[in-house]
Amino acid sequence: MTNDVVFQTLGTACGKHIGIATLNVEAALNALNLEMVKALFQQLSAWQQDDKTVAVILDGSGEKAFCAGGDIRALYQAAKAADGEVAATVTEFFSHEYQLDYLMHTFDKPLLVWGDGIVMGGGLGLMVGASHRVVTEHSRLAMPEVSIGLYPDVGGSYFLNRMPGKLGLFLALTGYGLKASDCLYSGLATHYLHRDDKQLLLDKLAEVKWGMNTSLNKQKFSDVLVALRNQLGRSVAVSPLKKNQGLIDELFSGDLREIDSKLVALETEVEWLAKARNNYLAGSPLSICLGYAQSQIGTEMTLAECFRQELDWSVNCTVHGDFVEGVRALLIDKDKTPHWHVPHVSDVPEEMMTTLMTSPWHADDHPLNKL
């Protein structure tokens, strides 16, 4: 069992216990490696089957981040070494990561993620699957994959399309960073507390008379969070995204060429909007096209179908897409001048998108066909 995740249990007054998993790679902002993913899957599965475990809490060590994403550097090295072929390491990581995310979405006991600090990419994939998602005054959430030649995976095909209006598409194409109020408005978070409230929350949860009914236990868990927020008077300002939902819907309506034209022509001194626009303009055109394709799925696909499709796309991004170049520019050489395969969204050929979106596997041998 890896030391990169620490597992503990919290005893309760009724004799049951709460499982606590802490991501323990503070120096790497608790970024997920393959061993961590496997360890989390194994322990969460065990806790789900254990009648004495009534709930689970997932946390990150340190104060900087819950989880800043996956171990992108390791995936970069594997993809580069594969030299145009599908790297087994890449397939293995994404397959196990998506199985863990799926387990969290379908977990039948109360599952809380303490989303304090930075929560990005794979970290958000963990968080959004939990039944209880807490943000704090220090939370900063984002899906910034457009800047590294990927796209919002880890279930983004499922949860982005369930946000208000065009909000999910806005987040996918711009990598916009959300604070607590935005997280609550978008549905990425369910509850708000302060960073220093965590121990008090654990104390309150330990006092609950937990039973065997998982639905009632989820309600009890929610009741504790609401009562604690009310007791401590925790409140957030109105979400900037909520205040500007109409503008976001206007800018991100239409086909991708229309959206692109509006963003290219946009002139604004509003800081959040200017930053979002600049992120879009600097992003990978292939990633932008994939993000837009995600938005066209709507809500028709099941969660399992979304994860299977995302495995196809993610693996293809490392072989045929901009992933290797995006990671090189941002994290390896850090020159921040990526040379994308295609210079502009309007130049992306249809056959290139077909290649990115076509599964490398037949249906009967797909790594996630048992979800």
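1. The model is predicted, so local features need pLDDT of at least 70 and side-chain atom pairs count only at pLDDT 80 or more, while totals for chains, interfaces and linings use all residues. Residues are numbered from 1 along each chain as its sequence is written, and side-chain values use heavy atoms, with hydrogens and water left out.

2. An open sheet is formed by 6 strands in the order 1-2-3-5-7-9, with mixed pairing. Strands (E, at least two residues) and helices (H or I, at least four) are DSSP runs numbered from the N terminus, and two strands pair if DSSP finds at least two bridges between them. Strand 1 (5-11) and strand 9 (191-192) are at the edges; each has a single partner strand, so one side of each is left without a neighbour in the sheet.

3. Strand 7 (residues 132-135) pairs in the parallel sense with strand 5 (residues 111-115) over 4 bridges; here valine 113 has arginine 133 as its bridge partner. Strand 7 also runs parallel to strand 9, joined by 2 bridges, and the bridge partner of valine 134 is histidine 191 in strand 9.

4. Are the two faces of strand 7 buried or exposed? His132 and Val134 on one side, and Arg133 and Val135 on the other, are all buried (under 20% relative accessible area with a 1.4 Å probe, protein chains only).

5. The largest pocket holds about 1200 Å³ of space. A pocket is an open set of points on a 1 Å grid over the protein atoms alone, where a 1.4 Å probe fits, with protein on both sides within 12 Å along at least five of seven lines; lining residues have an atom within 4 Å of a point. Of its 48 lining residues, the closest to the centre include Met120 and Leu330. Helix 13 gives the most to this lining, with 6 residues.

6. The second largest pocket holds about 210 Å³ of space. Its lining includes Leu256, Arg257 and Tyr292, and the largest share, 3 residues, comes from helix 14.

How values were computed. Buried means under 20% relative accessible area, exposed over 50%, partly exposed in between (1.4 Å probe, protein chains only). Grid points are joined across faces, edges and corners, and a volume is the space filled by probe spheres set on the points.
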